[in-house]
Amino acid sequence: MKEKRMKDVLQSIAQRDVPENMDLWPQIAGRVESRNFLQTVRARPALALVLVLLALALLSSVAYAIGKVTGYIPGVGIVDQSVPVRVLAQPVVIKREGVTVTVAQLVTNAEYTFVAYAFDALILSRNGSPMCSATPVLQLPYGSKLGLLSGGGGGWGGEVGVPIRFETTAYYPPIPAGVDHVTFALDCVLPEGTGPENWQIPLTLIPAPADFVTPAVEIGATFVASSPKFVTAPTPTIETVLTPFEVDPAFPDTPTPVPSGSGLYLEQVIELPDSYILVGNFADTGDLPGAVLSTGSAYDYLPRIEDMTGNPVAFNVRDDIKPIVNWANTYYWAYEIEKSVQGPLKITLDEIDISTSDTVRFDFDAGPTPQVGQEWQLNLPIHLGRYDYVIDSAEMIQDGYLFKFHSGTEVPEGTSFILDIVGSSQERGSMAGSEDRRPKDIVKYSQNITYLVPPPTGQLVVELTLYETIPLQGPWTLTWTPPVK
Amino acid sequence: MNEKQAIQRLKKGDISGLEFLVKDHQLKAVRTAYLITRDVGLAEDIVQDTFVRAFHSIHGFDENRSFEPWFLRSVLNASVKVVQMSSRLIEVGSESDGSHFAELISRAESVEEQIESLEIQKQIWEAMHKLSPRQRAVIVQRYFLEMSEKEMATESGAAVGTIKWLLNAARERLRALLAERSEG
């Protein structure tokens, strides 16, 4: 696949569908203005009383959250029962011209509506998608619609010509109280023009049966954590401002650090009839010798969990109780543990991956009018991370510069570099690099940087940063004691 | 104001710094999220959320580094996560139908020459829809954001070999899907 053409196609699609004149600032400004107000208050002691009162109000709300009765539906997640949870009266199956659409599950609560649906008897062909790309909506009485919040994606596989099943889930806004009849509407199921269109599937909602939602209570998440100490100095932070901010109470916007710095932190404990779900994160507070590599998989960084006698405790990963956004340097987890285990429970994470970096700067004089093809021999020894390198040469290329350097073979694969010319990042076009390990005793590297405007000339300060992913040994532990019943 | 000054202002609580960053990076970020989510509204929500979170964590950011890679990494992760959260893949699998894909790939040698019309553009867009969220992300990183494999590895925290494997798998699946279309 030719890279430029592929890029052109993606650019065309993005330009076609996302207009140049979009502007998110008004919405973002509205969301952050509360912080700005509080910073003003912080700078004006005369208003301190307001802040104190506000803080008390927040503490009250935290206290209120503990002990809050909520609910849990496996596969759906935590549901807010402040309004009655409603579900589909019964699964609805509609068959037209050999294609079957099944709406298997619908759950609506105070926060969202969850829908699970499936298409059956799609025929996988060699000619592309067996289904159209239309997004289903929930139609309310009087014509209003609830659009998809997320979901509806998926994929398929199997033998060409054989009927297959496609199933997926989708999230919509909550269905208003009092609306018990909605329509699941799809423009089409099969590719446009090849099958029945305008599907209107009536759905009837009823109050959830008494035993449908597993009762859950949020209980106190008191814990003790331990973290190894590292000699590397932490990255200094200029200022820390404690700012009350409206956040999802289940997942603080900024992870709260464990008392001893980076490590395991318990944010929430959900008590179910037969189990506890522990929800937390591994927070990187900047005191590690590198940045923790976050991951979107709930199965990375699996810990060991032991009971009071040191015996391993079985647990289930609960991927349906996690924040949608996985924030860099923070790894979220949720584990379900049977109530019958003997506490205290000790969660141990033995190892995490961190990204380390080291930067070196060197001067390079390209002269006032460098020409494409002009080359400078530098032979400059440098040290980056744990390794020695020699910057061999620089070369003027079309729209930028190419730097060549080498190391000995003690540098493992998996390291990477970013090359930059200080003060020129605003107009930078692209950066690329390659690595050649064919010689037995040296590794040759090439890094180039190009610009959207004429590249900088004259006396330049070149910055070369080495990135390396390494496993960092812990252990990090978190000890939690189940409540005494 | 330049980017470094904007970040310095933001660290002091001056939201004009955030406004500068939003104006400067929002379009590329939304387009990146859109190529993965295929939903403009959702892409805008993701980018909004990511800016708000950046606002809250900016104290830990070194203003001597470029903001864009750091920010786009978060946008990419969030986009992949949002799509993954709500998708239940049945068999996207390269394992269950590996021989089938291999056969298609073998017939798709000239697909590279075909990406030159609106029809092909449409086909690629539809084929992208059938990739897994993670595969979409690496295609977007490599071709839309023009990141090198090393940059992708650095940003995602994976080994270069892993990125090569992911990218190759995505490319091969894309080729196979395009080959299916071209034979139809």
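Modeller: Please do ask, and keep in mind that this is a predicted model.

Biologist: Why is Glu97(A) called exposed?

Modeller: Glu97(A) has a relative accessibility of 66%, and exposed means over 50%, so Glu97(A) counts as exposed. Glu97(A) is found in the loop between β4 (92-96) and β5 (99-108) of chain A.

Biologist: What makes the phi of Glu97(A) worth a remark?

Modeller: Phi of Glu97(A) is positive, at about 50°, although Glu97(A) is not a glycine. Most residues other than glycine have a negative phi. Asn379(A), again a residue other than glycine, has a positive phi near 45°, and Asn379(A) belongs to strand β22 (residues 375-384) of chain A.

Biologist: Is Asn379(A) buried or exposed, and how do you know?

Modeller: The relative accessible area of Asn379(A) is 53%, and the cut-off for exposed is over 50%, so Asn379(A) is exposed.

Biologist: Why is Ser393(A) counted as buried?

Modeller: Buried means under 20% relative accessible area, and Ser393(A) has 4% relative accessibility, so Ser393(A) counts as buried. Ser393(A) lies in strand β23 (residues 387-397) of chain A, and, leaving aside residues up to four places away in sequence, Ser393(A) touches residues including Trp376(A), Leu378(A), Leu402(A) and Phe403(A). In chain A, which has 485 residues, 46% count as buried.

Biologist: Which peptide bonds are called cis, and what are their omega values?

Modeller: The bond from Gly343(A) to Pro344(A) is cis, with omega near 0°, and Pro344(A) sits in the loop between β20 (330-338) and β21 (345-365) of chain A. Another cis bond joins Gly474(A) and Pro475(A), where omega is about 5°, and Pro475(A) is part of strand β28 (residues 459-480) of chain A. Most peptide bonds are trans.

Biologist: Turning to chain B, why are α2(B) and α7(B) called oblique to each other?

Modeller: The axes of helix α2 (residues 16-37) and helix α7 (residues 133-144) of chain B come within 9 Å and cross at roughly 140°. Angles over 145 count as roughly antiparallel and those from 65 to 115 as roughly perpendicular, so α2(B) and α7(B) are oblique to each other. Among the residues making the contact are Leu35(B) and Ile36(B) of α2(B) and Val140(B) and Phe144(B) of α7(B), and by class the contact has six nonpolar, one polar and three charged residues.

Biologist: What makes α2(B) oblique to α3(B)?

Modeller: The axes of α2(B) and helix α3 (residues 40-57) of chain B come within 8 Å and cross at roughly 140°, and this angle makes α2(B) oblique to α3(B). The crossing of α2(B) past α3(B) is right-handed. Residues in this contact include Leu21(B) and Val30(B) of α2(B) and Val47(B) and Phe51(B) of α3(B), and the classes are 14 nonpolar, three polar and one charged.

Biologist: Which residues have the most contacts inside the largest nonpolar core?

Modeller: They are Val47(B), Phe51(B), Phe67(B) and Ile139(B), in a core of 62 residues. The largest share of this core, ten residues, comes from α2(B). Ile139(B) touches, among others, Met6(A), Leu10(A) and Leu167(B), not counting residues up to four places away in sequence.

Definitions and conventions: Residues numbered from 1 in each chain as written. Chains lettered and ligands numbered in written order. Predicted model: local features only at pLDDT ≥ 70, side-chain atom pairs only at ≥ 80, totals over all residues. Heavy atoms only, no water. Axes fitted to C-alpha atoms, helices over the stretch in contact; angles between N-to-C directions. Helix = DSSP H or I, 4+ residues; strand = E, 2+ residues; numbered from the N terminus. Parallel < 35°, antiparallel > 145°, perpendicular 65-115°, else oblique. Contact = heavy atoms within 4.5 Å. Nonpolar A, V, L, I, M, F, W, Y, C, P; charged D, E, K, R; others polar. Buried < 20%, exposed > 50% of the residue type's maximum accessible area, 1.4 Å probe, protein only. Left-handed = near helix turned anticlockwise from the far one by under 90°. Core = buried A, V, L, I, M, F, W, Y, C linked by side-chain atoms within 4.5 Å.
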